[in-house]
Amino acid sequence: MKILVIIPAYNEAENIINVVENLKNNYNIFDYVVVNDGSNDETAKICKRNNYNLVDLPINLGLAGAFQTGMKYAMYYDYDYAIQYDGDGQHNPQYIQGMVEFAEKNKLDVVIGSRFAKEKRPISMRMIGSLLIELCILMTTGKKIKDSTSGMRLYDRKMIRKLATSMNYGPEPDTIAYLIRCGAKVEEYQVHMNERTAGESYLNLSRSIKYMFHMCSSILIVQWFRKKGI
Amino acid sequence: MSIALRVILFIASVLTCTYIARKLKKSQIQVTDTVFWIGLSALFVVLSLFPDLVGILSELMGFQAPVNLIFLLMIFLLLIRCFLMSVRISQLEDKVRNLVEELAIRENGRH
């Protein structure tokens, strides 16, 4: 079985070596691809110097574009599963195998590496946002997704094809909600994540509010107008 | 419609027409994109020359003044145009994204 780890990287010069070396040395059963999203820093240079498998976008497309590039890569090279994986060291590769087995066993289309599948969620501003999205998804799909904003998601072959070729399938909770409505089988798998080791989080307050507004309106309203089908 | 409005409408429409024609001549715009604008300015030339057309229509539709019909028509046409432009921008962005992605994957060269 071929499994691809997609690592979108935007200005991750400080983290990318650790992330990739860890994968290469300890988990070489998985293939990986770093998608450099037109970074301003040394990300691309570092990857080339270390001979990492790099897809180097000439301009910045944003996470959705970088992720879709990885999906296209997975489609062209015929992978069975592709996993979205952060370039900042938040995700732990030890869970990948488990997620794949979980997907295989239950014939799932999407597995979300969830921080709160079994464990209780802490109370913070960020978690209130997460709860709100959970509520939106619950209302529209009837399914409880406790950690929809988790950036660690596994997609099967069918999803790879869909996400690689269509518009409006960014790696965000609204896509998950929409896929569930279209009949995709989505489940969560308990994982642990690390705090950021270096670099700055992309989300500040105003961006978070914008993000929440965008997600909620997309999940609650826009998806009713979209054509259904996987 | 007052004389002043008719004159303004006429002059503005003719100027728009010549401006578009010049852009077309200098190859700064595709022919298909000018059709809407030429049609629109032609429509307003006609309306300014034959204000009775507007008068009859606005009476039929119950407008208080013919000029309101002109404004409504303009706003509506512009909104439609604006939306069509949004669609085109989306499609362009999608194309650019796909181009960038393909280009980068090909350059990766794992064949």
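One salt bridge is found across the interface of chain B and chain A, a salt bridge being a side-chain nitrogen of Lys or Arg within 4 Å of a carboxyl oxygen of Asp or Glu. The model is a predicted one, in which local features need pLDDT of at least 70 and side-chain atom pairs count only at pLDDT 80 or more, whereas totals for chains, interfaces and linings use all residues. Residues are numbered from 1 along each chain as its sequence is written, chains are lettered from A and ligands numbered from 1 in the order in which they are written, and side-chain values use heavy atoms, with hydrogens and water left out.

The bridge joins Glu101(B) to Lys72(A), with the closest N and O atoms 2.6 Å apart. Glu101(B) lies in helix α4 of chain B, and Lys72(A) in helix α3 (residues 63-76) of chain A; helices are DSSP runs (H or I, at least four residues), numbered from the N terminus. Over all chains, the count of salt bridges is 13.

The contact between the chains (heavy atoms within 4.5 Å) takes 15 residues from chain B and 19 residues from chain A. The buried area is about 1500 Å², with 57% given by carbon and sulfur atoms; this is the accessible area (1.4 Å probe) that two parts lose on being put together, summed over both.

Within chain B, helix α2 (residues 31-49) packs against helix α4 (residues 66-108) at an angle of about 180 degrees, and their axes are 13 Å apart. Axes are lines fitted to C-alpha atoms, for helices over the stretch in contact, and angles run from 0 to 180 degrees between N-to-C directions. Helices α2(B) and α4(B) are therefore roughly antiparallel, the term for angles over 145 degrees. Residues of α2(B) in this contact include Phe36(B), Trp37(B) and Phe44(B), and those of α4(B) include Met74(B), Arg81(B) and Arg88(B). The residues of this contact comprise eleven nonpolar, no polar and three charged, where Ala, Val, Leu, Ile, Met, Phe, Trp, Tyr, Cys and Pro count as nonpolar, Asp, Glu, Lys and Arg as charged, and the others, Gly among them, as polar.

In chain A, helix α5 (residues 125-141) and helix α8 (residues 205-220) pack at an angle of about 5 degrees, with axes 9 Å apart. Helices α5(A) and α8(A) are therefore roughly parallel, as angles under 35 degrees are classed. Among the residues in contact are Leu132(A) and Cys136(A) of α5(A), together with Met215(A) and Ile219(A) of α8(A).

Definitions and conventions. Helix = DSSP H or I, 4+ residues; strand = E, 2+ residues; numbered from the N terminus. Parallel < 35°, antiparallel > 145°, perpendicular 65-115°, else oblique.
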